[in-house]
Amino acid sequence: ARLQRELDELQRQVTVAASQHKEGEAAARTAALERPVQPLRVLLSTGDSAPAIIKELKLEVRGTRELRDRLFVLQNELDQCRQKLEVDARVELERERLLSVHLRAQVDEKDRIIADLRFD
């Protein structure tokens, strides 16, 4: 009997606490609806007193900004590497072309020498 009374009392306390919690949430929602909507800049400038969602957004924006900055740096680095590769490739092709022309001239010279020796 005593345990049953304690169980009933605890259930009553849980019911009261749950109803108070629901009333508190309802009051908070009502207060949030009654407050005038503030611009995001105002909410961001309130600092620590800003609502939790604003703090989360602020962190997300910071994370996004950091990613965007990192992406920008990496894209610039990629562009520089591409330009360097294009320049290096162009220089290498020009060097190979000049070497080919020089070697072709040497082969032609040797062919003339051989032809002159055969003629004599």
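Read along its sequence, the protein shows the pattern α-α-α. This is a predicted model, in which local features need pLDDT of at least 70, side-chain atom pairs count only at pLDDT 80 or more, and totals for chains, interfaces and linings use all residues. Residues are numbered from 1 along each chain as its sequence is written, and side-chain values use heavy atoms, with hydrogens and water left out.

**Exercise 1.** State how many helices and strands the protein has.

Solution. Helices (H or I, at least four residues) and strands (E, at least two) are taken as DSSP runs and numbered from the N terminus. Under this rule the protein has 3 helices and 0 strands.

**Exercise 2.** Find what share of the residues counts as buried, and what area the protein exposes.

Solution. Step one is the scale: buried means under 20% relative accessible area, exposed over 50%, and partly exposed in between (1.4 Å probe, protein chains only). Of the 120 residues, 2% count as buried. Step two is the area, for which the Shrake-Rupley method is used with a 1.4 Å probe; for residues, only the protein chains shown count as cover. The protein exposes about 11,300 Å², and carbon and sulfur atoms supply 59% of that area.

**Exercise 3.** Give the number of salt bridges, then describe the one between Glu9 and Arg12.

Solution. A salt bridge requires a side-chain nitrogen of Lys or Arg within 4 Å of a carboxyl oxygen of Asp or Glu. The count by this rule is 5. Between Glu9 and Arg12 the N to O distance is 2.5 Å. Both residues belong to helix α1 (residues 2–34); because they are 3 residues apart there, about one helical turn separates them. Glu9 is partly exposed at 32% relative accessibility, and Arg12 is partly exposed at 45%.

**Exercise 4.** Work out where Asp79 and Arg82 lie and how far apart their closest N and O atoms are.

Solution. Asp79 and Arg82 are both in helix α3 (residues 52–119), 3 residues apart, or about one turn of the helix. They form a salt bridge whose closest N and O atoms are 3.9 Å apart. Asp79 has 37% relative accessibility and counts as partly exposed; Arg82, with 45%, is also partly exposed.

**Exercise 5.** Describe the pair Glu94 and Arg97 in helix α3.

Solution. The side chains of Glu94 and Arg97 meet in a salt bridge with an N to O distance of 2.5 Å. Since the two are 3 residues apart in helix α3, about one helical turn lies between them. Glu94 is partly exposed at 36% relative accessibility, and Arg97 is partly exposed at 44%.
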